[in-house]
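Subject: Structure handover

Hello,

Here is the structure I said I would pass on. My notes on it follow below.

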Amino acid sequence: MADVAQFYDDLSAYYHLLFDDWGMTVQRQGKLITALLSEELGPGPKKILDGACGIGTQALGLAGQGHDVRASDLSPVAVARAKREAEASELPIKFSVADLRALSGYYSGPFDVVCAFDNALPHLEREDLPLALAEMASLLAPGGLLIASLRDYDALKESRPRAEVARVLDGPEGRRVVFQTWDWRHDGQGYRVNQYILQHQPDSLVADTMIFSTDYWCVTRKELAAALRAADLEQVHWVEPAESGYYQPIVVARRG
């Protein structure tokens, strides 16, 4: 996982550039996830552990909705930025640098919700996924939820896209172009992402080009559901983007 941590260490200072308006995205995702939690657990604030917080996109949004949030990530640079963002917004989030595969060494729980958004789980090697899910599940209160978002790998394994459509964004930092290229493994079981950020210089034909690369495994829904049930989680189901408003499918599982 050292390569994954380095990827997010390097990307953390620029991560907000991947969004048209990162601040608005934080607020929007906080509201969308809160609506999902209310549907699953009833209304009211929840005690939440975000085990793959990055620079805080979901943790900040959830804290802004009144939840009691703890947050951790493998990347110390990402956690440091998330902490600064929380302090700037006066949000009382407690942060740690922690590995999803060893969360119980950092937290005692119990939590109403343990989550990992933005395609974090497919960073794990296949043999490590059951361990990470078991660690997340061990921190849940009875009836608590493990929720995660990830790409629709059942479809992607069939189409094997080589790139995503480039987006042109404007903001205080100026105009930028962001896109990814994907280098697939020969067996179709995974791919390497190359994240490009092209930052245009004002009044110039020159653009600063940044490239960040990391690997993902294609975790199918059947494979993930089996691993969740092996971690003694039940009622496994998927909430699609059309239903949740979130940009990725979300898997939900409950501790009995």
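Strand β4 (residues 111-116) runs parallel to strand β5 (residues 140-149), and five bridges join the two. Strands here are DSSP runs of E with at least two residues, helices are runs of H or I with at least four, and both are numbered from the N terminus. Two strands count as paired if DSSP finds at least two bridges between them. In this pair, cysteine 115 is opposite isoleucine 147 of β5.

Before going further: this is a predicted model, in which local features need pLDDT of at least 70 and side-chain atom pairs count only at pLDDT 80 or more, while totals for chains, interfaces and linings use all residues. Residues are numbered from 1 along each chain as its sequence is written, and side-chain values use heavy atoms, with hydrogens and water left out.

β4 and β5 belong to an open sheet of seven strands with mixed pairing, in the order β3-β2-β1-β4-β5-β11-β10. From one strand to the next the twist averages 20°; angles run from 0 to 180 degrees between N-to-C directions, and axes are lines fitted to C-alpha atoms, for helices over the stretch in contact.

Helix α4 (residues 76-88) touches β2 (68-73) and β3, and its direction makes about 170° with that of β3. Helix α5 (residues 129-138) touches β4, β5, β10 and β11 (250-255), at about 140° to the direction of β5. Contact means heavy atoms within 4.5 Å.

**The four-stranded sheet**

The order β6-β7-β8-β9 makes up an open sheet of four strands, with antiparallel pairing. β6 (167-171) and β9 are the edge strands, each pairing on one side only. β7 and β8 run antiparallel and are joined by nine bridges, with glutamine 180 opposite glutamine 195 in β8. Helix α1 lies across β8 and β9, at about 155° to β9.

**Helices α2 and α3**

α2 and α3 pack at about 65°, their axes 7 Å apart. Among the residues that meet are Trp22, Ile33 and Thr34 in α2 and Thr57, Leu60 and Leu62 in α3. By class, this contact has five nonpolar, seven polar and no charged residues. Ala, Val, Leu, Ile, Met, Phe, Trp, Tyr, Cys and Pro count as nonpolar, Asp, Glu, Lys and Arg as charged, and the others, Gly among them, as polar.

**Pockets**

A pocket is an open set of points on a 1 Å grid over the protein atoms alone, where a 1.4 Å probe fits, with protein on both sides within 12 Å along at least five of seven lines; lining residues have an atom within 4 Å of a point. Points are joined across faces, edges and corners, and the volume is the space filled by probe spheres set on them.

The largest pocket holds about 930 Å³. Of its 45 lining residues, Tyr8, Tyr15, Asp118, Tyr216 and Tyr247 lie nearest the centre. Two or more lining residues come from each of α1 (2-11), α2 (22-41), α3 (57-64), β7 (174-184) and β8 (190-200). The lining has 24 nonpolar, 14 polar and seven charged residues.

The second largest pocket has a volume of about 210 Å³. It is lined by 13 residues, with Val4, His123, Glu125, Asp215 and Trp217 closest to its centre. β9 gives the most to this lining, with four residues.

Regards
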